[in-house]
Amino acid sequence: MSYLRSIQYHIVVYGADANGGPGAAKMELDADALNLVWQQGLNFPGQMMFSMTRWNPKVKDFVWMVDHVKVYRDTPAGLKVVFAGKVIKPSYTGRDIVITCWDYVSFLQRSRTGFRVLYPTKAIGTEIVGPEWALAKNVDKSPFAFVATGTIEDPLALDGVTAIKTNTEFGVVDFDRLFLFYAMAELSMANTTNTVTFEITRESPHTFNFWKNRSTQRTNYSFQAEALIDYDYAGNQDQITNDIATVILDPTTGQQVEYSLTDTSSKDTYRRLQSAVSIKTLFGLNAGTPETDQQKAALARMLTLSSTPPIMFVAFPRQGEFDPFVNCELGDSFRATIPNATRNGDEKDGYMKWSGVSAAWTPEAGELLQVFLR
Amino acid sequence: MAPHRHQATWRSLIFNRRYLDNGTANPDNPANLLTAYANSDYYLDSLDISRVSVQDYREMRQFLEGAEPNEAYEGVRALNGVGRIVATDVADLEDKAWALNESMSVAAVRIAAQAADPVGVLPFSFKRDTAPVTGVENIPATKALRFYCRPGPGRPVSIGRVREGLIRPFSFQLIAFDPFAYDEAETQVALVDLADGMNTITNPGNVYTRPRYRITFSGAGAAEVWLQNVTTGMNGTPKALRLNLSTSAAGEVWIIDTARGTIYRLSDGANRYSTRLTGFISDFWLKPGGNAIHWSVGTGITSVRVDFRGAYA
């Protein structure tokens, strides 16, 4: 038994069914797609692009913004759908056509929230994202009519028990829902160690989920700099602040007063590096009443993060060493090791969160992956 | 490589026509020369088929050919021919020179290849010697092969000059964007067992080739038909193509073209890819040697024929 390529991509285009979902298969583009590029990110919309020859007869069969497309990655590790979405538009040149595709999450940017819809003191998942998703899915001629509603969870605060809730003034005013869901997920995990994420699954049945904490520490892959084709590890020292101030309301006097906190050990190391912030939301914090104490707790949490800001590590693994979405998912953490310049000891050695992946593939050259960790 | 010992053809040109190229005559024996062409011929003295590069020339190929799928194209092979026009008189010499020009014209070939298969390229056909040898003259057997080509730029070269007599040297270059040579004759093998049985298809070449499956229907096919090449696959699992053939009708012929990734009705080219349930057509290449092909249900099917040319790297 043998195969031509250890990494083979397949691209299949589907027509739309009555619900606007993927219907009957229309064409296979394995022999036609010349340069395939796709990317997926945690809580970000995904894109896929490929080119075809200008006069390829299959081009006439595309129905832009209607047809669906799936990209399958076929390797000894298994067959995985790495991208599912719609064919969006062509870009013609004299020789080629570049075809742009969006994943299903991207269509949330074409879904608008209501005007002045208030969500005071609501849990993020079941009481905001859930209802907004239902509105997006059930509106007449919704592009999400075919998407099932899956698990919608409420992100938890630092205690790991209490659901985070909005304050009494929270609401939406004609946002696009991609931004709303992104903001909900990112804010919900900003002050915790949770990985709050939303998705529309790539595999059928396509399902919308909002997870309160989906992250598993994986040991099936690790990214060691010396075993990679290349890597990009930029320091984060320019982001460090260790003395932060904010303005809070003094409950005794009723006056706006400055409140500041300092990370002593960081200050001792880096000297005093100041900044000021304005706390508008209280996500992730359930401790302390009244609101003043919550704001103080929020500032303490922000100080913790800003004195050791996250690092972006971009790994270029050797071909075939990392199989995206095989026994792993965005949000999982992998061990990353960066040696220091003396080759004695490590600049960085620890688990980092998988936040994105992009890939380029051609039949002849094979695959080049970029794996983003933070 | 022995094109210089046999006849070879490119479009309407016949090189080495003076050779009695019937497969049994010894080309080394002057007695076998055809006297009618001994003094009126394109003498192909050498043909260099060196692979230019294995790097990706798809962009250039796209530009030249316009509409071909890329799957089989993994490099470029340049066919550099050198020889002499030998003519009976000056008129014959000039006519042959201009016929050579036309046959190697990029524009003329582009037009001639518009409806060719593959599109945009034409076959350069030749023979090579091969075992066994027979007779007291040790006459080798021959194998007829072809490259699919387009003319290279800046060729042909055949320059008339004073006191040239009736012999004019020439050179030409053909570019084969698919570097593989293919059997001149197409192999056609019918699947004998369409009822959950195994069929053996032998690719006589030494590299993979991509066949067409030609399905002739006697009525509606089954709603679920499995096609598997048990010889190929990954991790011990053969690749499978699952089809719903229930929309077929008696008398129809459908083609599964594994090179282009298409399924269509032969009579009008209507797209039948919607019958694909799972699997990928591109997985159904034939490896060199025997291939075990499994076809699950023959309902409504008169015959399934596998058409291909053996490929040689």
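Student: In this predicted model, what is the bridge partner of Ala148(A) in β12(A)?

Tutor: Thr207(A) is the partner of Ala148(A).

Student: What makes β9(A) and β12(A) a pair?

Tutor: Pairing needs at least two bridges between two strands. Three bridges join β9(A) to β12 of chain A, residues 207-211. Three meets the cut-off, so the two strands pair. They run parallel.

Student: Why is one side of β9 and of β11 in chain A left without a neighbour in the sheet?

Tutor: The open sheet has the order β9-β12-β11 in chain A, with mixed pairing. β9 (148-152) and β11 (197-200) stand at its edges, and each has a single partner strand, so one side stays without a neighbour. Neighbouring strands here are turned by 10° against each other on average, direction ignored.

Student: Which helix lies across β9, β11 and β12 of chain A?

Tutor: Helix α1 of chain A, residues 124-138. α1 runs at about 170° to β9(A).

Student: How do you know that β10(B) pairs with β19(B)?

Tutor: Count the bridges. Four join β10(B) to β19 of chain B, residues 301-308. The cut-off is at least two, so these strands pair. They run antiparallel. In β19(B), Val306(B) is the bridge partner of Val189(B).

Student: What is the order of strands in the open sheet of chain B that has five strands?

Tutor: The order is β10-β19-β12-β15-β16, with antiparallel pairing. β10 (187-190) and β16 (262-265) of chain B stand at the edges. Each has a single partner strand, so one side of each lacks a neighbour in the sheet. The twist averages 20° from one strand to the next.

Methods
Residues numbered from 1 in each chain as written. Chains lettered and ligands numbered in written order. Predicted model: local features only at pLDDT ≥ 70, side-chain atom pairs only at ≥ 80, totals over all residues. Heavy atoms only, no water. Axes fitted to C-alpha atoms, helices over the stretch in contact; angles between N-to-C directions. Contact = heavy atoms within 4.5 Å.
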